[in-house]
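Please look over the sequence and the model before reading on.

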Amino acid sequence: MAHVTREHLDRLLEQGLLADDHVPTAKRLDSLAASYVSGDVSRAAILVLAAEEWRQAGQPARALECFQRAMEDGGEVSVDPRAGIADTLFELDRPAEGKEMIEAIRAEGGVTPATCLNITETLIAYDELRAAHDWATEGALASPEGTGERSALLRARYRIRVDLGLPEDELDALVT
């Protein structure tokens with residue numbers, strides 16, 4: 001049984017980064033989530049970290065499983081695990097399912113700017129620029145001024161608009 005602190009997670013992730021081997025880190029995070037009792041972060045957040053490590057290790061199917069477990073857990077996370085599921089489905093060459101997951105997130109409403117940014121980046125990566133523009137716009141409008149997420153969303157939105165050949169608008173003027 002484990003009590004997980006942010007410092008513990010930071011050390012674990014730093015060790016994985018220094019070793020440049022994501023598999024051991026993903027396994028440790030998986031194990032930590034399995035033995036989780038309490039902590040500064042939720043089990044779902046640990047599972048999302050494990051999923052990202054599995055993706056970095058080139059194992060998207062294992063990542064998908066972790067994202068799904070995080071979603072089922074329902075604990076507090078900074079980015080909706082379904083955004084990770086959608087991105088992984090695209091990676092697994094299952095874009096229709098990825099788009100369905102993104103639409104489910106939209107239908108539910110109440111999407112955080114961090115989730116909007118994640119979905120925007122996924123859609124850009126898979127050349128879904130019109131949809132990416134919609135998500136970037138939604139996220140930018142929902143983000144508080146002066147936050148890193150707002151800046152990232154505004155920059156992504158601007159790049160998308162340039163790629164689509166759209167004229168500058170009032171939100172583009174906010175890009176710094």
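How many nonpolar, polar and charged residues does the lining of the second largest pocket have?

## Second largest pocket

In this predicted model, the lining of the second largest pocket comprises, by class, 7 nonpolar, 7 polar and 3 charged residues. The volume of the second largest pocket is about 220 Å³. It is lined by 17 residues, and Val77, Asp80, Pro81, Arg82 and Glu108 are the closest to its centre. Two or more lining residues come from each of helix H4 (60–73), H5 and helix H6 (95–108).

## Largest pocket

The largest pocket holds about 460 Å³ of space, and among the 20 residues that line it, Ala45, Val48, Leu49, Val77 and Ser78 lie nearest its centre. Helix H1 (6–19), helix H3 (43–56) and helix H5 (81–91) each contribute at least two residues to this lining, which by class has 10 nonpolar, 4 polar and 6 charged residues.

## Overall fold

The protein chain contains 9 helices and 2 strands, and from the N terminus on its elements follow the order β-α-α-β-α-α-α-α-α-α-α. Its radius of gyration is 17 Å, close to the 16 Å that the globule rule gives for 176 residues, so the chain is as compact as a globular protein of that length. The C-alpha trace spans about 55 × 35 × 35 Å along its principal axes.

## Burial, contacts and surface

Of the 176 residues in the protein chain, 43% are buried. Among contacts between residues at least 6 apart in sequence, 54% join residues at least 24 apart. The chain exposes about 9,300 Å², of which carbon and sulfur atoms supply 50%.

Definitions and conventions
Residues are numbered from 1 along each chain as its sequence is written. This is a predicted model: local features need pLDDT of at least 70, side-chain atom pairs count only at pLDDT 80 or more; totals for chains, interfaces and linings use all residues. Side-chain values use heavy atoms; hydrogens and water are left out. On a 1 Å grid over the protein atoms alone, a cavity is a set of points where a 1.4 Å probe fits but cannot get out, and a pocket is an open set with protein on both sides within 12 Å along at least five of seven lines; lining residues have an atom within 4 Å of a point. Grid points are joined across faces, edges and corners, and a volume is the space filled by probe spheres set on the points. Helices (H or I, at least four residues) and strands (E, at least two) are DSSP runs, numbered from the N terminus. Ala, Val, Leu, Ile, Met, Phe, Trp, Tyr, Cys and Pro count as nonpolar, Asp, Glu, Lys and Arg as charged, and the others, Gly among them, as polar. The radius of gyration is taken over C-alpha atoms; the globule rule is 2.2 Å times the number of residues to the power 0.38. Buried means under 20% relative accessible area, exposed over 50%, partly exposed in between (1.4 Å probe, protein chains only). Contact means heavy atoms within 4.5 Å. Accessible areas come from the Shrake-Rupley method with a 1.4 Å probe; for residues, only the protein chains shown count as cover.
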